[in-house]
Amino acid sequence: MPSPFGGPEHVLHYLARYTHRVAISNHRLISVTDSEMAFRWKDYAHGSKQRIMKLSCEEFLRRFLQHVLPRGFPRIRYFGWMANRTRREMLPLCRRLLHQPSPATDAALSSQPATWPCPRCQGPMYVIERLTPAQIFFAEARLACTYDTS
């Protein structure tokens with residue numbers, strides 16, 4: 001039975017076009033002069049008709065820069081099957097439906113204890129416990145709030 005989405009390669013190409021596009025593509029730009037820019041846009045309110053808009057270069061740049069994300073912001077938001085709430089259940093299901101092998105599990109990777117050389121004696125150091133940044137922060141906060149009441 002054929003895939004309803006045209007296969008995994010078609011889905012990947014579709015998502016790449018959607019997630020890595022810019023605010024306006026080059027084929028929509030019509031003309032650029034010293035004082036104004038003209039570009040094509042789709043008027044969804046009137047039957048998706050193609051229209052032409054002319055803006056000053058300053059206004060065009062102002063509108064274009066509204067689509068630029070600040071440093072540190074992710075471009076892609078995860079929702080649907082990649083949402084944090086459903087990823088654990090949905091990702092294996094997607095792999096199974098696409099007939100893809102699952103990656104090596106964390107249990108297989110953690111069967112050998114991770115070691116690092118001690119910077120002082122060069123002996124092996126083993127991971128006993130991993131702490132989150134919040135655990136470290138709150139542990140330091142508790143130590144800072146200890147008062148001597150004697």
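The model is predicted, so local features need pLDDT of at least 70 and side-chain atom pairs count only at pLDDT 80 or more, while totals for chains, interfaces and linings use all residues. Residues are numbered from 1 along each chain as its sequence is written, and side-chain values use heavy atoms, with hydrogens and water left out.

**Exercise 1.** Describe the aromatic pair formed by Phe60 and Phe64.

*Solution.* Rings of Phe, Tyr and Trp (its six-membered ring) pair if their centres lie within 6.5 Å, and planes under 30 degrees apart count as stacked, over 60 as edge-to-face and the rest as tilted. The search of the whole structure finds two aromatic pairs. In the pair of Phe60 and Phe64, the centres are 6.4 Å apart with 20 degrees between the planes, and the pair is therefore stacked. Phe60 is buried at 11% relative accessibility, whereas Phe64, at 30%, is partly exposed, where buried means under 20% relative accessible area, exposed over 50% and partly exposed in between (1.4 Å probe, protein chains only). Ring pairs also bring in Phe39, giving a cluster of Phe39, Phe60 and Phe64.

**Exercise 2.** Determine which residues line the second largest pocket.

*Solution.* On a 1 Å grid over the protein atoms alone, a pocket is an open set of points where a 1.4 Å probe fits, with protein on both sides within 12 Å along at least five of seven lines, and lining residues have an atom within 4 Å of a point. The lining consists of Ala23, Ile24, Arg28, Phe39, Met53, Phe60, Arg63, Phe64 and His67. Helix 2 gives the most to this lining, with three residues.

**Exercise 3.** Trace the salt bridges of Glu59, and state which residues are joined into one network.

*Solution.* A salt bridge is a side-chain nitrogen of Lys or Arg within 4 Å of a carboxyl oxygen of Asp or Glu. Glu59 meets Arg62 in a salt bridge of 2.8 Å, N to O, and these residues lie three apart in helix 2, about one turn of the helix. Through shared partners, the salt bridges join Glu59, Arg62 and Arg63 into one network.

Note on methods:
Helices (H or I, at least four residues) and strands (E, at least two) are DSSP runs, numbered from the N terminus.
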